[in-house]
Amino acid sequence: MEHQPVKRNILLNPGPSTTTDTVKYAQVVPDICPREKEFADLMRGLRSDLLKLVHAPEPEYTSVLFCGSGTINIDVCLNSLLPEEGKILIINNGAYSQRAVEICDYYGLPYMNLEFPVDTLPDLARVEEVLKSDEKIALVHTTHNETGTGILNPIREIGALAHRYGAVFTVDTTSTLAMRPISIEEENIDFMMASAQKGLMSMTGLSFIIGKRSIIEVSKRYPKRSYYCNLYLQYEYFEKTGQMHFTPPVQTIYATVQALKEYFAEGEQAKWERHTRAFEAIHRGLDELGFQDIIKREWQAGLVVAVRYPSDKNWDFDRVHDYCYERGFTIYPGKIDRTDTFRLCALGAIDEEDIHDFFKVFQEALEYYQVAIPVQYS
Ligand SMILES: *Cc1c(COP(=O)(O)O)cnc(C)c1O
């Protein structure tokens with residue numbers, strides 16, 4: 001079917017991302033009751049495709065869908081996968097691992113918050129010391145790409161340590177999955193997660209967890225700390241009926257089925273190369289204007305650049321944002337407590353030409369507001 005093109009906005013925020021019109025229009029379908037077999041068949045295919053994204057073999061691994069934004073996955077994993085006497089170790093160098101800490105607080109789960117500065121990698125020797133000294137630790141959690149700064153954490157090494165000391169390893173991969181190629185087994189991951197609107201370039205409202213079936217089965221006996229957000233309950237319902245326990249985000253599921261087709265048509269490697277082109281174009285554009293980023297280049301995950309505010313008195317993020325926004329480009333504020341930053345991200349259905357177009361507008365905005373170029377830092 002032919003459709004009118006939708007106005008194309010370039011989203012340089014860290015998700016939701018720019019989508020294709022074919023994904024947008026995939027939501028326009030005849031009304032359907034999601035309890036129909038036709039809809040269950042759609043979800044069965046979707047769950048199986050999600051495993052392919054991260055090379056997770058069936059039946060050892062499974063995927064479980066939830067209706068909600070990406071944070072629901074962190075909530076589900078932490079509250080569902082902790083045995084009675086166990087403790088969680090959170091390896092925390094950024095805002096998203098901090099969110100896991102807050103979830104533990106809300107549920108009253110025993111945890112240890114092993115903090116590192118937001119611009120450094122976790123010290124693995126320290127992680128091992130902690131694991132060695134506290135045998136109650138049954139679950140280790142961290143974030144792959146800390147989306148607030150763009151730092152890439154060494155999950156393979158952390159996963160190996162977790163396993164050496166008998167703990168389950170859960171990773172928040174919301175801002176890498178379906179962008180950076182990941183093989184779940186090679187990375188020593190037991191559970192990983194994302195939402196449909198980031199790497200998959202679909203719509204909001206659908207999140208998913210990919211992980212080891214045997215561990216979910218064992219978790220049936222763990223304390224039940226949530227009803228809506230219990231992993232085993234949702235898994236068991238899928239296994240029995242092929243459906244979500246409660247009403248699914250119907251239209252987002254149609255969009256995601258289309259997004260997966262487009263993902264496999266583009267190919268894992270080609271898609272990662274496209275994001276890399278966009279990421280490098282972002283760096284070139286920033287370098288030419290004299291901007292400084294805050295994470296060492298070789299530690300960046302290749303998707304998010306956190307940029308320090310210049311010291312120029314005419315610099316005002318909101319004004320520059322509005323100037324770009326009115327012209328179809330969305331830039332995003334930072335998420336670091338002590339340093340003023342903004343972010344430019346290489347997610348979504350964009351390529352390097354879009355980044356070049358953005359920098360023309362961005363430079364115009366700086367000139368319009370008389371911010372000196374190259375930008376100044378005191
Ligand atoms: C986007 C994101 C989430 C989910 O955030 P929501 O606001 O719930 O969509 C979780 N973790 C990471 C690393 C993210 O980038």
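Trainee: Which residues in H10 meet H12, and which residues in H12 do they meet?

Mentor: This is a predicted model. In H10, the residues are Arg277, Ala278, Ala281, Ile282, Arg284, Gly285, Leu286 and Leu289. They meet Glu352, Ile355, His356, Phe359, Phe362, Gln363 and Leu366 in H12. By class, this contact has 9 nonpolar, 3 polar and 3 charged residues.

Trainee: What is used to describe two packed helices?

Mentor: Two packed helices are described by the angle between their axes and by the distance between those axes. The axes of helix H10 (residues 268-289) and helix H12 (residues 352-368) come within 9 Å and cross at roughly 25°.

Trainee: Why is H10 called roughly parallel to H12?

Mentor: Angles under 35 degrees count as roughly parallel. The axes of H10 and H12 cross at roughly 25°, and that makes H10 roughly parallel to H12. As for handedness, H10 passes H12 in a right-handed crossing.

Trainee: Let us turn to the sheet. What is the order of the strands in the open sheet of 7 strands?

Mentor: The order is S2-S10-S9-S8-S5-S3-S4, and the pairing is mixed.

Trainee: What makes S2 and S4 stand at the edges?

Mentor: Strand S2 (61-67) and strand S4 (111-115) each have a single partner strand, so one side of each is left without a neighbour in the sheet. From one strand to the next, the twist averages 20°. Helix H5 (residues 124-133) packs on the sheet, where it touches strand S3 (87-92), S4 and strand S5 (137-143). The direction of H5 makes about 160° with that of S4.

Trainee: How do you know that S9 and S10 pair?

Mentor: Two strands pair if at least two bridges are found between them. Strand S9 (residues 191-195) and strand S10 (residues 206-212) have 5 bridges, in the antiparallel sense.

Trainee: What makes S13 and S14 a pair?

Mentor: The requirement is at least two bridges, and 2 bridges join strand S13 (residues 332-333) to S14, the two running antiparallel. Here proline 333 has phenylalanine 342 in S14 as its bridge partner. S14 is also joined to strand S11 (residues 304-308), by 5 antiparallel bridges. In that pairing, the bridge partner of alanine 306 is arginine 343 in S14.

Trainee: Why is S14 described as mostly covered?

Mentor: A residue is buried under 20% relative accessible area. In strand S14 (residues 341-345), 5 of its 5 residues are buried. Thr341, Arg343 and Cys345 point one way from the strand, Phe342 and Leu344 the other way, and all are buried. In a regular strand, the side chains alternate between the two faces of the sheet.

Trainee: How many residues of H3 are buried?

Mentor: In helix H3 (residues 71-80), 9 of its 10 residues are buried, and the helix is described as mostly covered. Among the buried residues are Ile72, Asp75 and Leu78.

Trainee: Why is valine 250 called buried?

Mentor: The cut-off is under 20%, and valine 250 has a relative accessible area of 10%, so it is buried. Valine 250 is placed in helix H9 (residues 250-266). Leaving aside neighbours within four places in sequence, it is in contact with Ile32, Pro34 and Phe39.

Trainee: Why does histidine 55 count as partly exposed?

Mentor: Buried means under 20% and exposed over 50%, with partly exposed in between. The relative accessibility of histidine 55 is 41%, so it counts as partly exposed. Asparagine 188, at 22%, counts as partly exposed as well.

Trainee: What is noted about phi in histidine 55?

Mentor: Most residues other than glycine have a negative phi. Histidine 55, in the loop between H2 and S2, has a positive phi near 55°. Asparagine 188, in the loop between strand S8 (168-172) and S9, has a positive phi of about 60°.

Trainee: Which residues does a cis peptide bond with omega of about -10° join?

Mentor: That bond joins glycine 15 and proline 16. Another cis peptide bond, with omega of about 0°, joins glutamate 58 and proline 59. Most peptide bonds are trans.

Definitions and conventions. Residues are numbered from 1 along each chain as its sequence is written. This is a predicted model: local features need pLDDT of at least 70, side-chain atom pairs count only at pLDDT 80 or more; totals for chains, interfaces and linings use all residues. Side-chain values use heavy atoms; hydrogens and water are left out. Helices (H or I, at least four residues) and strands (E, at least two) are DSSP runs, numbered from the N terminus. Axes are lines fitted to C-alpha atoms, for helices over the stretch in contact, and angles run from 0 to 180 degrees between N-to-C directions. Contact means heavy atoms within 4.5 Å. Angles under 35 degrees count as roughly parallel, over 145 as roughly antiparallel, 65 to 115 as roughly perpendicular and the rest as oblique. A crossing is left-handed if the near helix is turned anticlockwise from the far one by less than a right angle, and right-handed if clockwise. Ala, Val, Leu, Ile, Met, Phe, Trp, Tyr, Cys and Pro count as nonpolar, Asp, Glu, Lys and Arg as charged, and the others, Gly among them, as polar. Buried means under 20% relative accessible area, exposed over 50%, partly exposed in between (1.4 Å probe, protein chains only).
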